[in-house]
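Hi,

Here is the structure I promised to hand over.

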Amino acid sequence: MTPSNPVAEEAPTDGQESSPDVAEAERTTNPESALATARRQLERAAAHTDVDPGVVERLKHPTKLQQVSVPLRRDDGSLDVFTGYRAQHDDVRGPYKGGLRYHPEVDGTECIGLSMWMTWKCAVMDLPFGGGKGGIAVDPKGLSEEETERLTRRFAEELRDVVGPKKDVPAPDMGTGPQEMAWFMDAYSMQQGETTPGVVTGKPPVVGGSYGREEAPGRSVAIITREAIDYYDWDVEETTVAVQGFGSVGANAARLLDEWGATIVAVSDVDGAIYDPDGLETNDVQDHDERPGMVSGYDAPETLSNAELLELDVDVLIPAAVGEVITAENVDDVRADMVVEGANGPTTFAADAILEERGVPVIPDILANAGGVTVSYFEWLQDINRRQWSLERVHEELEREMLDAWEAVRTEVDDQDLTWRDAALVVALSRIGGAKETRGLWP
Ligand code: NAD
């Protein structure tokens, strides 16, 4: 029934060689890709650790890249075939973990780079997971709900051999959400013959999802921003903040910081930004989920473009929309005193170096938005134990995990005089390197 997939069948299973697709994906990489950036960040941080160079070399490559064809019967009876991917970077500390995105530009190279970031993110948080990332090259806006369900179920079947609660645990990402995770879990469970909620996280609570998962990345961005404000001896009551992207991450971060006393002067959606130097009432602005497009339609004193928001003279800039928005081209116009990365990869490698030269701290994504994967870990624990936690418990445990991670990274910043990104990577690499060196290389 399942069409044979020569790529997956030929993929090596010893975990250390590249399959033909990995080699191809690695060859086609461009210098600004997530993969190239992840590798350069790895090399830079490795210089501050005593991790064996052989281990660093292994970490430049994924264990595996799965490429699958996902046929879809359209509502009108016609058939389309989409390409799906799952990159599995490293699992030395536990199952691969990372999102599945539905986006026209998903490709193997991007999935490998993003899966590397997931390995570091899980290690910074000291979670027993490695890094994975995948998705389908499809525009989800062009699919009906029924088509999305059929596509997701077939994708789950194509990935069935490589995912599982102890192997690889996907989660929502761009273009996917709790409903896709519920379909994925159901398809997997039907084929396994047993309900297996722990195969994915980010599910609705009624089928084993965790309370607090949706707001967790934004909550962690707010917690880490609060700690950073405190570290630099600023007063949160006098701190101005601009947030690009008022979606799940941006709106939750902005509203919490607002609640804690910060002045949120600007927020944006894809169509533009609203600005009030006296501070916006963030609870009155509808976020992307509540009503897409409402940010730029809000009656604020001033409207700005997204580019202008990035150039505001604020204390904290939180890019929480998409990747690669602070680049070598616009970084000289960025006037914020600190950047906290809410989105994944919003600062390019070149822009990062310029901000470092200027002494502008950049608190990296792998720490700041790691609340998402941390509550995913809580969800996985709840699924395995078949016992749901209260929202209060999720918030308490998340706060504790974020503070532990912050403390580990801050120690490296202070002890080794590192940037926040290098320090976070040093924490991650030391944990991963320690596990790899102790386990050794098989055979
Ligand atoms: P979302 O879809 O809920 O919201 C995205 C917001 O950004 C919306 O307001 C949208 O209008 C705006 N936007 C989209 N494209 C834009 C552009 N080019 N310029 C300016 N604004 C734009 O998405 P989200 O879940 O909040 O994710 C945002 C970022 O955070 C992504 O990079 C995502 O990978 C990352 N992230 C998300 C999670 C999660 O669990 N939601 C976890 C970690 C990291």
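This is a predicted model: local features need pLDDT of at least 70, side-chain atom pairs count only at pLDDT 80 or more; totals for chains, interfaces and linings use all residues.

A quick word on terms before the notes: I call a residue buried when its relative accessible area is under 20%, exposed when it is over 50%, and partly exposed in between, with a 1.4 Å probe and protein chains only.

Numbering starts from 1 along each chain as its sequence is written, and side-chain values use heavy atoms, with hydrogens and water left out.

The overall fold

The chain has 16 helices and 12 strands, taken as DSSP runs (H or I, at least four residues, for helices; E, at least two, for strands) and numbered from the N terminus. Its C-alpha trace spans about 60 × 55 × 45 Å along the principal axes. Of the contacts (heavy atoms within 4.5 Å) between residues at least 6 apart in sequence, 69% join residues at least 24 apart.

The ligand

Around the ligand sit 20 residues, the closest being Gly247, Ser248, Val249, Val270 and Asn344; being near here means having a heavy atom within 4 Å. Ligand oxygen atoms lie 2.9 Å from a backbone N or O atom of Ser248, 2.9 Å from a polar backbone atom of Val270 and 3.2 Å from an N or O atom in the side chain of Asn344. Of the 830 Å² that the ligand exposes when taken alone, the protein buries 77% (Shrake-Rupley areas, 1.4 Å probe; for residues, only the protein chains shown count as cover).

One residue to look at

Thr347 lies in the loop between β11 (338–340) and α12 (349–357). Is Thr347 buried or exposed? Thr347 is buried, at a relative accessible area of 3%. Beyond its neighbours within four places in sequence, its contacts are Ile326, Glu341, Asp352, Leu355, Val362 and Arg421. With Glu341 there is a side chain to side chain polar contact at 2.5 Å (N or O atoms within 3.5 Å; within protein, one able to donate a hydrogen and the other to accept it, and residues adjacent in sequence count only if both atoms are side-chain atoms).

Cheers
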